Amino acid sequence: LISVKDYFLDIFVEKKIDLEEQGAKVVYDIDLEEDFVMAIDSKLVHRIVSNLIGNAVKYNDKPNLNLRLQVKAIEGKEHGIMVSVSDNGIGIDEAHIHQVFDVFYRGDDSRSKDVGGTGLGLSISRQLVEAHGGTIWAESTPGTGTTIHFTLLDQHKEVNHGEDINY
Ligand code: ATP
Ligand code: MG
């Protein structure tokens, strides 16, 4: 169990430094208490966030990439977090927004513009998120930008809830 706030701060600072060297603008917001702890697979989260940021960089047509990275606690009976990565890139049209998580799906723009890729990043991200009890989804306005959200649930916590029940 680690401080989720410190954990994301490390990742986001690293990404901010890296991307701002390439001319992007990065803001982050980690809306968690310092003592918010959760079992997190650190390699997994790093991999998903890197996939999403890689897409934000690739699918950008503006003079400057603006990236917003957010984490907040999930309200309700489940203990977990929601992570969001927002960009100001080309966006995804309504007709294809559900397909972006499919294996080998690549948008028309991506294929025609010759930006490298195999169409696996988001499908792998979805598998990783779902294997940890979370969900991933996209919101987008073509021409304006995209936000990918994903949740991660504290699976230990859920098991404990069950064990706490006295018959
Ligand atoms: P790979 O990730 O394997 O290098 P890829 O980036 O094409 O290839 P995914 O990451 O799975 O594959 O994304 C699938 C498609 O969804 C992309 O080809 C692109 O059309 C669209 N897409 C993904 N992220 C964004 C984004 N941030 N903005 C606009 N379009 C996006
Ligand atoms: Mg990708």
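Me: In this predicted model, what distance separates the end C-alpha atoms of helix α2 (residues 42-58), and what span should its 17 residues have?
Reply: The model is predicted, and the values here are computed from it. At 1.5 Å a residue, the 17 residues of α2 should span 24 Å. The separation of the end C-alpha atoms agrees with this expectation, being 24 Å.

Me: Which residues of α2 are buried, and on what arc around the axis do they lie?
Reply: The buried residues of α2 are Val45, Ile48, Val49, Leu52, Ile53, Asn55 and Ala56. They lie on the same side of α2, because the arc they cover around the axis is only 155 degrees.

Me: Against which elements do the buried residues of α2 pack?
Reply: The partners of these buried residues include both helices and strands. The helices are α1 (4-21) and α4 (121-131), and the strands are β4 (66-73), β5 (80-87) and β7 (145-153).

Me: Which elements give two or more residues to the shell around ligand 1?
Reply: The shell around ligand 1 holds 22 residues, the closest being Asn55, Gly107, Gly117, Gly121 and Leu122. By class, it has 8 nonpolar, 11 polar and 3 charged residues. The elements that contribute two or more residues are α2 and α4.

Me: Within what arc do the buried residues of α4 fall?
Reply: In α4, the buried residues are Gly121, Leu122, Ser125, Arg126, Leu128 and Val129. Seen down the helix axis, they line one face of α4, because they fall within an arc of 165 degrees.

Me: What covers the buried residues of α4?
Reply: Both helix and strand elements take part in the cover over the buried residues of α4. It includes α2, β6 (136-141) and β7.

Me: How many residues of β5 are buried?
Reply: Strand β5 runs antiparallel to β4, to which 7 bridges join it, and Leu69 has Val85 of β5 as its bridge partner. With β7, β5 pairs in the antiparallel sense over 8 bridges, and Asp87 has Thr146 of β7 as its bridge partner. β5 is largely enclosed by the rest of the structure, because the buried residues among its 8 number 6.

Me: Which residue takes a positive phi in the hairpin of β4 and β5?
Reply: This hairpin has 6 residues between the strands. The residue with a positive phi, near 125 degrees, is Gly76.

Definitions and conventions:
Residues are numbered from 1 along each chain as its sequence is written. Chains are lettered from A and ligands numbered from 1 in the order in which they are written. This is a predicted model: local features need pLDDT of at least 70, side-chain atom pairs count only at pLDDT 80 or more; totals for chains, interfaces and linings use all residues. Helices (H or I, at least four residues) and strands (E, at least two) are DSSP runs, numbered from the N terminus. The expected span of a helix is 1.5 Å times one less than its number of residues. A residue is buried if 20 or more other C-beta atoms lie within 10 Å of its own, exposed if 12 or fewer, and partly exposed in between; C-beta atoms are placed from the backbone. The arc is that of the directions from the helix axis to the C-beta atoms. Two residues are in contact if their C-beta atoms, placed from the backbone, lie within 7 Å. A residue is near a molecule or strand if its C-beta atom, placed from the backbone, lies within 6 Å of it. Ala, Val, Leu, Ile, Met, Phe, Trp, Tyr, Cys and Pro count as nonpolar, Asp, Glu, Lys and Arg as charged, and the others, Gly among them, as polar. Two strands pair if DSSP finds at least two bridges between them.
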